[in-house]
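Okay, thanks for coming, everyone. I've got one structure to walk through today, so let me put it up on the screen.

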There are 2 protein chains.
Amino acid sequence: MSILVVGSVAFDSLETPSGKRERVLGGAATHFALAASFFTKVRVVGVVGDDFLPEHEAVLTSRGIDTTGIERAEGKSFHWKGEYLRDLNEADTLATDLNVFGSFEPKIPESYKDSEYLFLANIDPVLQLQVRKAMPNAKLVAGDTMNYWINAHRENLLPVLRELDILIINDKESRLLTGEANGLKAAQGVLDLGPKSLVVKYGEHGSAAFFTPEVFRTRDCRKMFRAPATPLEEVVDPTGAGDSFAGGFYGYLASQGELTEEVFRRAMFYGCVCGSLNVQDFGTERMQRTTRAEIDEQVQKLIELTHL
Amino acid sequence: MSILVVGSVAFDSLETPSGKRERVLGGAATHFALAASFFTKVRVVGVVGDDFLPEHEAVLTSRGIDTTGIERAEGKSFHWKGEYLRDLNEADTLATDLNVFGSFEPKIPESYKDSEYLFLANIDPVLQLQVRKAMPNAKLVAGDTMNYWINAHRENLLPVLRELDILIINDKESRLLTGEANGLKAAQGVLDLGPKSLVVKYGEHGSAAFFTPEVFRTRDCRKMFRAPATPLEEVVDPTGAGDSFAGGFYGYLASQGELTEEVFRRAMFYGCVCGSLNVQDFGTERMQRTTRAEIDEQVQKLIELTHL
């Protein structure tokens with residue numbers, strides 16, 4: 001079943017201990033869509049400038065991703081410049097040039113309207129809510145956010161959280177949302193804000209899912225699941241790890257039709273593997289080289305690594 | 001089969017966000033022995049002063065722990081004072097009064113000599129090596145160490161590492177031992193120093209095991225296993241978590257007779273549960289209240305939390 005993702009399509013200039021790259025293809029929607037494309041049909045809503053060339057679009061279309069909803073605007077695409085020299089787990093932002101993304105107004109093509117799975121990547125929650133309202137028939141809605149919206153636009157974010165079946169954020173964001181230092185209490189606090197389930201990412205330490213019974217339309221679901229991350233000898237570029245996680249996770253979910261606890265759990269493993277693949281090269285390079293067979297094999301290895 | 005543990009029996013004065021305690025029973029050998037006692041016979045070699053009263057000894061003997069090897073010396077027992085107010089994952093040491101422990105010379109009672117499992121808790125590596133040499137028939141030898149010995153007594157520590165079947169340390173110590181920031185490379189670097197296997201603890205993020213084929217006397221063992229930790233709503237007192245982990249882990253191993261990969265993996269779960277139980281109250285209080293049935297139940301929950 002099709003996923004509609006709305007979010008940024010951008011260029012990233014990056015420096016990490018492994019090297020330096022100028023203006024490689026990036027953005028939350030790009031990383032999400034690439035990962036999800038290994039599991040299901042993906043449709044992107046976003047905006048780019050005149051620096052977005054056919055070769056960039058081909059990165060998406062060659063994976064079967066529908067780019068009809070990527071609007072071309074006059075000017076330059078969103079550009080982010082950052083480095084991970086101090087800490088591989090935390091980017092230091094050097095520049096954020098919103099460019100055409102600054103006046104982004106998501107427009108959903110008619111041909112996208114039957115998408116059953118909606119993913120609201122990390123953008124202004126006002127836009128996230130607009131897109132959600134424009135897709136009233138979406139069967140499942142998931143989304144992401146970040147510290148900026150939590151801190152400065154909380155009143156706009158809260159109505160979005162109430163619309164979500166699945167919120168996917170990192171552990172710092174879950175603490176920030178609730179003011180709770182303890183991870184379990186923070187997770188419960190986030191669920192109290194409205195999302196039916198919550199996936200918290202811990203970087204190299206994996207991820208955890210927290211459920212309300214509503215997410216599975218059953219009363220006896222377990223409350224939590226804890227998934228590992230693939231151990232890596234080298235992280236080349238952490239940019240987009242979280243979006244790749246979300247893409248692999250949600251792509252697998254959408255490919256399974258019915259949302260059961262078993263499917264949710266397995267989707268976490270697919271998310272972990274896509275996140276860990278993505279960081280093994282700069283930008284989208286590693287995901288462009290991978291295959292569904294490699295992803296499946298990595299999931300199998302992750303199971304062997306963690307199961308008795 | 002019996003475990004002989006050599007290490008500190010001490011009193012701890014603690015302050016954490018949950019409260020304050022003066023001179024509660026602690027020490028690596030104490031925490032280790034209590035956790036291991038739920039699985040097998042445990043014998044302790046240590047030294048205490050005249051402040052070690054029958055009520056303290058009863059904490060051990062009531063769990064069937066053999067205290068014949070706890071020497072009584074003139075003076076006071078080892079006393080550590082620390083707080084976890086800044087960070088629950090890292091103690092700030094306020095005082096370390098070695099007292100009778102400063103001149104500790106481990107003496108192994110004749111009745112201990114047939115112990116098949118030896119655990120060298122975190123003490124001066126010179127003493128660890130002496131004990132190891134005094135127990136030439138031990139079937140399996142495991143041990144711990146800390147940043148102080150790694151930094152200031154590396155030349156004494158290295159021969160100990162070569163004697164170990166299993167080294168159990170935390171992730172900071174594994175990086176410190178090797179100078180490697182990457183966890184996988186650090187683990188390989190530690191194995192290169194001689195231990196046949198390595199267990200790395202990540203606090204609330206669980207633990208990982210790294211194997212050489214020699215540890216299982218087989219050539220086709222997997223290289224790694226990753227175990228979770230029990231999520232907790234409150235950590236009351238982190239002191240002794242690592243020793244309780246080691247005790248649960250090694251106690252379960254010793255109770256199983258043969259060391260297979262399956263046993264090693266399951267032992268990691270038992271270690272995780274004992275570590276997480278221990279931090280739920282001050283000092284040894286929580287472990288004094290637990291039962292083997294509760295530990296088994298918690299292990300089962302940890303499996304459900306993490307297995308597809």
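This is a predicted model: local features need pLDDT of at least 70, side-chain atom pairs count only at pLDDT 80 or more; totals for chains, interfaces and linings use all residues.

Helix 8 of chain B, residues 241-255, passes helix 9 of chain B in a right-handed crossing. Their axes come within 7 Å, and the crossing angle is roughly 145 degrees.

Which residues meet there? From helix 8 you've got, among them, Phe245(B), Gly248(B), Phe249(B) and Tyr252(B). On the helix 9 side, the residues they meet include Phe264(B), Ala267(B), Met268(B), Gly271(B) and Cys274(B). By class, this helix 8 and helix 9 contact has 12 nonpolar, five polar and one charged residues.

Now over to the partner chain. How much area do chain B and chain A bury between them? About 2500 Å², with 59% of it on carbon and sulfur atoms. Each chain puts in its share of residues: 23 from chain B and 23 from chain A.

What about polar contacts? There are 14 residue pairs in polar contact between the two chains, counting pairs with both residues at pLDDT 80 or more. Salt bridges across the interface of chain B and chain A come out at zero.

On chain B's side, the elements giving two or more residues are helix 7, strand 13, helix 9 and helix 11.

Note on methods. Residues are numbered from 1 along each chain as its sequence is written. Chains are lettered from A and ligands numbered from 1 in the order in which they are written. Side-chain values use heavy atoms; hydrogens and water are left out. Axes are lines fitted to C-alpha atoms, for helices over the stretch in contact, and angles run from 0 to 180 degrees between N-to-C directions. Helices (H or I, at least four residues) and strands (E, at least two) are DSSP runs, numbered from the N terminus. A crossing is left-handed if the near helix is turned anticlockwise from the far one by less than a right angle, and right-handed if clockwise. Contact means heavy atoms within 4.5 Å. Ala, Val, Leu, Ile, Met, Phe, Trp, Tyr, Cys and Pro count as nonpolar, Asp, Glu, Lys and Arg as charged, and the others, Gly among them, as polar. Buried area is the accessible area (1.4 Å probe) that two parts lose on being put together, summed over both. A salt bridge is a side-chain nitrogen of Lys or Arg within 4 Å of a carboxyl oxygen of Asp or Glu. A polar contact is a pair of N or O atoms within 3.5 Å; within protein, one must be able to donate a hydrogen and the other to accept it, and residues adjacent in sequence count only if both atoms are side-chain atoms.
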